Amino acid sequence: MPKISWDQFIARAEAFPGSAIPVRELVRLVHDLDITPALIDSHVSWSPETYQRIPLLRTDNVEALVLCWEDGQETVIHDHGPSCSVARVYSGTTKLENFRRNDRGEKKGFAKLEITETRNLGPGDACASDVGGIHSMGNHMGGKQRMITVNFYSPPLSKIQTFDRATGAIGEKVYPALLATL
Ligand SMILES: [Fe+2]
C-alpha cells in the first residue's frame, strides 16, 4: 500500500484546482495517507458529554478533524451540504449508517429517510460520502471502549443539514456551529 506523509497529503490536496476535490480523489488521498501517532496523539481529547472534534487542517480546499468518541457517543443524522467527505478509522470500530430520502419534499421542513446501508469499520478502514450523502456514525463498541476517527471534507465545511431520527425534521447549521453535529 503506498503511503504519503502528512506534508505530502497537504501538498497533493493543494495541487487540485478550485475548492472542491472530487470524492474519488479524496478517497485515494486519504487511503494513501500514513496516519501516524505523531500526527494524531497531540490532538486527542475526550469528554463524557459528547465526542470531541479537534481541528487538524483547514485549507482552501480541504478540512480535516480528529474525532474522539467515548463508548455510546454518535452523530445525529446529517449531510455535509456542498462538501464530500471521507472518514478513516484510526482506532476502534465505528458503526456507519447511510440513508436516502424517500420523499419529494412534499412536507416542507421534513424528510422521510430510509436506511440503505449499515457497516462496521475497523482500524484503517474508510468510508466516503459524496455531496448530498446522508449518514450517521458513532461508537457502539460497548465495554467503555474508545474510538478515534480522522474525517476529511472538501470543500471545507460551510453548512449542513441535520435530520431528526424520530420525526425527520430538517435542521440547518453553518460553520463553525455545525461542527457539533458531524
Ligand atoms: Fe458526516
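## Trp6 and its surroundings

A residue counts as buried if 20 or more other C-beta atoms lie within 10 Å of its own, as exposed if 12 or fewer do, and as partly exposed in between. Trp6 has 16 C-beta neighbours inside 10 Å, so it counts as partly exposed. This is a predicted model.

Trp6 sits in helix H1, which covers residues 6-14. Val89 is 83 residues away from Trp6 along the chain. The C-alpha atoms of these two residues are 16 Å apart.

## The whole protein

The protein has three helices and 11 strands. Along the sequence the order is α-α-α-β-β-β-β-β-β-β-β-β-β-β.

The C-alpha trace spans about 45 × 45 × 30 Å along its principal axes. A compact globule of 182 residues would have a radius of gyration near 16 Å. The protein has 16 Å, which agrees.

Of the 182 residues, 29% count as buried. Now take the contacts between residues at least 6 apart in sequence: 73% of them join residues at least 24 apart.

## Strand S9

Is strand S9 enclosed or open to the outside? S9 covers residues 147-154, and eight of its eight residues are buried, so the strand is largely enclosed by the rest of the structure.

Met147, Thr149, Asn151 and Tyr153 point one way from S9. Ile148, Val150, Phe152 and Ser154 point the other way. All of these residues are buried.

## The sheet around S9

Strands of a sheet pair through backbone hydrogen bonds, either parallel or antiparallel. Which strands make up this sheet, and in what order? Five strands form an open sheet, ordered S1-S2-S9-S4-S7, with antiparallel pairing. Its edge strands are S1 (52-58) and S7 (126-129), and each pairs on one side only. Neighbouring strands of the sheet are turned by 20° against each other on average, direction ignored.

S9 pairs with S2 (residues 63-69) in the antiparallel sense over seven bridges. There, Val66 has Val150 of S9 as its bridge partner. S9 also runs antiparallel to S4 (residues 84-91), and seven bridges join the two. Ser85 stands opposite Tyr153 in S9, and Ser91 stands opposite Ile148 in S9.

## A helix across the sheet

Which strands does helix H2 lie across? Helix H2 (residues 23-32) lies across S4, S7 and S9. H2 runs at about 20° to S4.

Notes
Residues are numbered from 1 along each chain as its sequence is written. This is a predicted model: local features need pLDDT of at least 70, side-chain atom pairs count only at pLDDT 80 or more; totals for chains, interfaces and linings use all residues. Helices (H or I, at least four residues) and strands (E, at least two) are DSSP runs, numbered from the N terminus. The radius of gyration is taken over C-alpha atoms; the globule rule is 2.2 Å times the number of residues to the power 0.38. Two residues are in contact if their C-beta atoms, placed from the backbone, lie within 7 Å. Two strands pair if DSSP finds at least two bridges between them. Axes are lines fitted to C-alpha atoms, for helices over the stretch in contact, and angles run from 0 to 180 degrees between N-to-C directions.
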